Structure formats: structure tokens, C-alpha cells
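Grab your viewer and work through a few exercises on the model below. Try each task yourself before you read the solution.

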Amino acid sequence: MLRAQAETVLACDFFHVDCAVTLKRVYVFFVVEVGTRYVHVLGTTSNPDGPWTTQQARNLLMTLDDRANDFRFLVRDRAGQFTASFDSVLADAGMDVVKIAPQCPRANC
């Protein structure tokens, strides 16, 4: 599925950075265009909750503008930051949200 649909797939996730100066952990939310491997860094926060992540999905759609129609799928894990409102923002834009299988971190491209 991935090779055939790579041009229409986005994948999103978080990574964290530990700041040695402030001794805080900062989470970075990013989205990858699988076909081109272009990375969109959507934002950073020390508390990635559902409303913040949902707003980042809206920001992504504004960034993609007309190109948002080119994408059919968004692959994500089952983290608590991805709420139903996050999924509905993308569904309203015509994207199907695909959740990876539980306890399979390598399934996320």
C-alpha cells in the first residue's frame, strides 16, 4: 500500500529534545510527506495535549493550502495527544486517518 500511495500519504509524530539549560523537555510535532520526504515542523511545546495538537492540524492545512487535496491518508500512532477533534479536522479536509497497530512503533513510517 505504501509504495502505491506514497504521494498521497502524510505521517505525523512527536520527538523530544531535553534542554540542558532549562532542564525541560520540549516536544516537537512534525509531519512528513512520505512521497517527497519533506518535513513540516508544526510546533514545539512542553505540554502536547489534545487541543494543542488539533490546532497544529489546522495550521498544517493552512500551510498546505491547495495541496491539501493531494493527500488522502495521514498515518499516526495511538498516542493520547491525537484526539477525536484532531481526526475530525483532517477528515473535514478529505483525509483518512490511519492508526498504526498497538505496540508497533516501527509501523509508523
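This is a predicted model: local features need pLDDT of at least 70, side-chain atom pairs count only at pLDDT 80 or more; totals for chains, interfaces and linings use all residues.

Residues are numbered from 1 along each chain as its sequence is written, and side-chain values use heavy atoms, with hydrogens and water left out.

**Exercise 1: the whole chain**

Task: Work out which pattern of helices and strands the chain follows, and compare its radius of gyration with that of a compact globule.

Solution. Start with the inventory: there are three helices and five strands, taken as DSSP runs (H or I of at least four residues for helices, E of at least two for strands) numbered from the N terminus. Reading along the sequence gives α-β-β-β-α-β-α-β.

Next, the radius of gyration, which is taken over C-alpha atoms; the globule rule is 2.2 Å times the number of residues to the power 0.38. For 109 residues a compact globule would come out near 13 Å, and the chain's 14 Å agrees with that. Along the principal axes, the C-alpha atoms fill a box of roughly 45 × 30 × 25 Å.

Last, contacts, meaning heavy atoms within 4.5 Å. Of the contacts in the chain with a separation of 6 or more, 47% are between residues 24 or more positions apart.

**Exercise 2: the sheet**

Task: Find the strand order of the sheet and say which strands sit at the edges.

Solution. Two strands pair if DSSP finds at least two bridges between them. Tracing the pairs gives an open sheet of five strands, ordered E3-E2-E1-E4-E5, with mixed pairing. The edge strands are E3 and E5 (96–99), since each pairs on one side only. From one strand to the next, the twist averages 25°.

Now zoom in on one pair. E2 and E3 run antiparallel over seven bridges, and Glu 33 stands opposite Tyr 38 in E3.

Axes here are lines fitted to C-alpha atoms (for helices over the stretch in contact), and angles between N-to-C directions run from 0 to 180 degrees. H2 packs on the sheet and touches E1, E2 and E3, with its direction at about 145° to that of E3. H3 (residues 84–92) also packs on the sheet, touching E1, E2, E4 (73–76) and E5, and its direction makes about 160° with that of E4.

**Exercise 3: aromatic rings**

Task: Classify the ring pair of Phe 29 and Trp 52, then that of Phe 82 and Phe 86.

Solution. First, the rule: rings of Phe, Tyr and Trp (its six-membered ring) pair if their centres lie within 6.5 Å, and planes under 30 degrees apart count as stacked, over 60 as edge-to-face and the rest as tilted.

Phe 29 and Trp 52 have 6.3 Å centre to centre and 65° between the planes, an edge-to-face pair. Phe 29 belongs to strand E2 and Trp 52 to helix H2, so this pair ties together parts that are 23 residues apart in sequence. Both Phe 29 and Trp 52 are buried (under 20% relative accessible area; exposed is over 50%, partly exposed in between, using a 1.4 Å probe and protein chains only).

For Phe 82 and Phe 86, the ring centres are 5.0 Å apart and the planes at 55°, so the pair is tilted. Relative accessibility is 6% for Phe 82 and 2% for Phe 86, so Phe 82 counts as buried and so does Phe 86.

Putting it together, Phe 14, Phe 29, Trp 52, Phe 82 and Phe 86 form one aromatic cluster.

**Exercise 4: a helix residue**

Task: Is Ala 57 buried or exposed, and which residues does it touch?

Solution. Ala 57 lies in H2 (residues 50–64). Its relative accessible area is 3%, so Ala 57 is buried. Leaving out residues up to four places away in sequence, Ala 57 touches Phe 86, Val 89 and Leu 90.
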